[in-house]
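This report describes one protein model, part by part. Please look at the sequence and the structure first, then read on.

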Amino acid sequence: MAEMIGGLEFTEALTDADREILTEERCQFLASLVDAFGARRDDLLTARATWQAKIDAGALPDFRIETKDVRDSDWMVGALPADLQDRRVEITGPTDRKMVINALNADVKVFMADFEDALAPTWRNIIEGQTNLRDAAHRTISHSDPNSGKSYTLSKNPAVLIARVRGLHLDEKHVLRNGKAIPGCLFDFALYFLTNQKKLRAIGSGPYFYVPKLEHFEEARWWNEIFVQAQQHVDIPVGTIKATMLIETLPAVFEMNEILFELKDHAAALNCGRWDYIFSYIKTLKNHADHMLPDRHAVGMDKPFLDAYSRLLVKTCHRRGALAMGGMSAFLPAKSPDEDAANKEKVRIDKQREADNGHDGSWVAHPALAEVVNKVYSNAFAKGATNQLNVSRDDDTPVTATDLIETPDGSCTEEGLRSNIRIAVQYMEAWLGGLGAVAIYGLMEDAATAEISRASIWQWIKNATILTNGHAMTAEYFRNVMAEELDVVRAEVGGDRWASGHFDEAAKLLTPLCVEPNFETFLTLSAYRQL
């Protein structure tokens, strides 16, 4: 039976623990944000579609003429708080209780608690995640694992906590305002902010957020107005909220100055969300046969278009006084010492490239990789420094629009196709089962990497790509290969695991995402309807 609190209708049964988070005051605040900003969120999504239609019709992304003054003029973002000046290593992961404790205790500067790509947004995951972050912010979190008998508590000096809210495109279908599902990002932001801002400020930190998947500066303006209203609501100075914006869409890389400008008081950093960025490159340029990406494993940060993206982000951020964060290292510890050493060396090389470009820190998916990244950035920083804001890149040849969309070299192979299918199916199966971050073939996969896999297949079919084996990519060829790869996955996981899981459902979801003529903007939109 639905329950009403603060003008919001909750369609799932609530526990007493849920109601501790969903107080009347917090729900009224959330409802006020939905009333003030919900319709404009819908307008922003419509504007995205309008812009994309122009690209689909043959246009190419470019820097916006009407905001040239913003790019050319001198201005700075607000001052960084003390606990956000050193972000040399950040760890990311979902908001389950054990993960939160282990991540905050890791040898890292920041834990990004993820309500987005690393979390399957079941109601229990979302609401219990809020409970877990409340306890983390209030330094009361603990956990006893009934399976292992181990107990987990917070260390005396945990990492800085930053919450990543959901993207604009995702609703929270379990919460209705006037009969309509509310934006998921407003749910995540409002509850975390109002529950924790006072305690976070009392311990010398603050309400800090990661904002994902921005595409245009108008979306940054929307967020800025939300931040201002929230701070006014609790009577704290504007600029107390600090946000790091993920530059993980192709449109956004052309508007980084504008995004920082709109969020000036609240901007702490931009981040190279590389995996989503690769997906966005495919999605944005999906109708452009001359901008087709090769196999996923062939598209690394050494490719010119990704290196240009990294260098431009560093130059833009440091000119404005914001930090420039590097991307995710998805490698996990390996059981074999030789393989583990090889993985760590791959991480070191990748992070050294970022540090050489001037980044101020980077992400890891596992605490065991923190030492490698710590060394890279500690060696890169000037003596006594906690970042590389001194690296201006002013002497660089200017990065052009052509540089940012240059098609990388590489082949489209049958093995790349098969790998894409196996990864996408296994990730979507786990997501439907409530897991958003999944170890697959030695890498930590989240929604972004699954998106790359299915988007590549769609683009190859759209453009009738000839694979290196001589086969033309068609929907029929994809279906034949997929049938074979489903047998491979079934053999890998075992019959019992296959029967008890969501593999058939995942396969049924994946097929139309790859072969339908109209490209689904996010696979999670289709999957969420069945979650």
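## Terms and basis

In what follows, Ala, Val, Leu, Ile, Met, Phe, Trp, Tyr, Cys and Pro count as nonpolar, Asp, Glu, Lys and Arg count as charged, and the others, Gly among them, count as polar.

The model is predicted: local features need pLDDT of at least 70, side-chain atom pairs count only at pLDDT 80 or more, and totals for chains, interfaces and linings use all residues. Residues are numbered from 1 along each chain as its sequence is written, and side-chain values use heavy atoms, with hydrogens and water left out.

## Overall form

The protein has 20 helices and 16 strands. Both are DSSP runs numbered from the N terminus, helices being H or I with at least four residues and strands being E with at least two. Along its principal axes, the C-alpha trace spans about 65 × 60 × 50 Å.

Of the 531 residues, 59% are buried. Buried means under 20% relative accessible area, exposed means over 50%, and partly exposed is in between, with a 1.4 Å probe and protein chains only. The accessible surface comes to about 20500 Å², and carbon and sulfur atoms hold 50% of that surface. Such areas come from the Shrake-Rupley method with a 1.4 Å probe; for residues, only the protein chains shown count as cover. Among contacts (heavy atoms within 4.5 Å) with a separation of 6 or more, 77% join residues 24 or more positions apart.

## Buried helices

Why is α10 described as largely enclosed by the rest of the structure? The reason is that 10 of its 11 residues are buried.

In helix α13 (residues 370-380), the buried residues are Ala370, Val372, Val373, Asn374, Val376 and Tyr377. Their cover includes β3 (89-94), α12 and β14 (361-364).

Helix α5 holds Ala136, which is buried with a relative accessible area of 0%. Leaving aside neighbours within four places in sequence, Ala136 is in contact with Val100, Leu104, Ile141, Leu154 and Leu161. From Ala136 to Leu200 there are 64 residues in sequence and 9.9 Å in space, C-alpha to C-alpha.

## Loop residues

Which residues other than glycine have a positive phi? One of them is Arg139, with phi near 60 degrees. Arg139 is found in the loop between α5 (123-137) and β5 (142-144) and is partly exposed, at 41% relative accessibility. Another is Tyr441, with phi near 55 degrees. Tyr441 lies in the loop between β15 (438-440) and β16 (443-445) and is partly exposed at 45%.

Gly179 is in the loop between β8 (171-177) and β9 (180-183). At 57% relative accessibility, Gly179 counts as exposed. Gly179 and Lys462 are 283 residues apart in sequence and 38 Å apart in space, C-alpha to C-alpha.

## Empty space

Rolling a probe the size of a water molecule over the atoms shows where empty space is left. On a 1 Å grid over the protein atoms alone, a cavity is a set of points where a 1.4 Å probe fits but cannot get out, while a pocket is an open set with protein on both sides within 12 Å along at least five of seven lines; lining residues have an atom within 4 Å of a point. Grid points are joined across faces, edges and corners, and a volume is the space filled by probe spheres set on the points.

The whole structure has 3 cavities of 30 Å³ or more. The largest cavity has a volume of about 100 Å³. It is lined by 15 residues, and Glu116, Asp117, Leu170, Ala447 and Thr524 are the closest to its centre. By class, this lining has 7 nonpolar, 2 polar and 6 charged residues.

The second largest pocket holds about 730 Å³ of space. Of its 29 lining residues, Trp275, Arg296, His297, Phe331 and Leu443 are the closest to the centre. The elements that give two or more residues to this lining are α10 (274-284), β13 (323-329), α12 (337-357), α15 (414-432) and β16. Helix α15 gives the most, with 6 residues. The lining divides into 14 nonpolar, 6 polar and 9 charged residues.
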